[in-house]
Amino acid sequence: MTYAVVDSPLGPLTLVGTDAGELTGLYMDRQRYRPEQAGFGDRDDSAFPSVAVQLDEYFHHGRTNFEVRLQLGGTPFQREVWSALQDIPFGTTATYGGLAEVLGLKPGSARAVGLANGKNPVSIIVPCHRLVGSTGNLTGYGGGIERKRALLDHERGEKLLIG
């Protein structure tokens, strides 16, 4: 395992991955469910150059999708939710209940989708920020509601502002 830290308008982002270059995590500072840094391996800020470039393009140059090799852990259900998140188009949102319906889950499964969404280890690239409450309200986000709002505003063409 290796990790790199890259700057972003949201603050430092920690990219974690395998020695084969597969991304296993993208964490913000002070992020809920962020694993202990000791498990990230050796720091090498030159690791994952393609990911760093794509993130810069997302934040500054209009990139709307990512082409990153991922190796996601988690349960089969979590991976199913994380895969479905990647189908939510840039600049749009979906509800937790709507994603549960897309996945063919029984009514009332929005909470289970929300719990899986909250454990997403690769924020931004696996766009968990695009899930909102049933009325469009911004609900929990591992990186903080302020960052979720900033990412959604950014994807709607507004200047990315934090703080």
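Is Ser-109 buried or exposed in this predicted model?

View 1. Ser-109 counts as buried because its relative accessibility is 11%, and buried means under 20%. Ser-109 lies in the loop between α3 (96-102) and α4 (110-118). Its side chain reaches the backbone oxygen of Lys-106 at 2.6 Å.

**View 2. Strand β2 is largely enclosed by the rest of the structure.** The strand covers residues 13-17, and five of the five residues are buried, so β2 is largely enclosed. In a regular strand the side chains alternate between the two faces of the sheet. On one side of β2 are Leu-13, Leu-15 and Gly-17, and on the other are Thr-14 and Val-16.

**View 3. The hairpin of β1 and β2.** Strand β1 (residues 2-6) pairs with β2 in the antiparallel sense, over five bridges. Thr-2 has Gly-17 of β2 as its bridge partner. Six residues stand between the two strands of this hairpin. In the turn, Gly-11 has a positive phi of about 105°.

**View 4. The hairpin of β2 and β3.** Strand β3 (residues 23-28) runs antiparallel to β2, and five bridges join them. The hairpin has five residues between its strands, and Gly-21 takes a positive phi near 90°.

Key: Residues are numbered from 1 along each chain as its sequence is written. This is a predicted model: local features need pLDDT of at least 70, side-chain atom pairs count only at pLDDT 80 or more; totals for chains, interfaces and linings use all residues. Side-chain values use heavy atoms; hydrogens and water are left out. Helices (H or I, at least four residues) and strands (E, at least two) are DSSP runs, numbered from the N terminus. Buried means under 20% relative accessible area, exposed over 50%, partly exposed in between (1.4 Å probe, protein chains only). A polar contact is a pair of N or O atoms within 3.5 Å; within protein, one must be able to donate a hydrogen and the other to accept it, and residues adjacent in sequence count only if both atoms are side-chain atoms. Two strands pair if DSSP finds at least two bridges between them.
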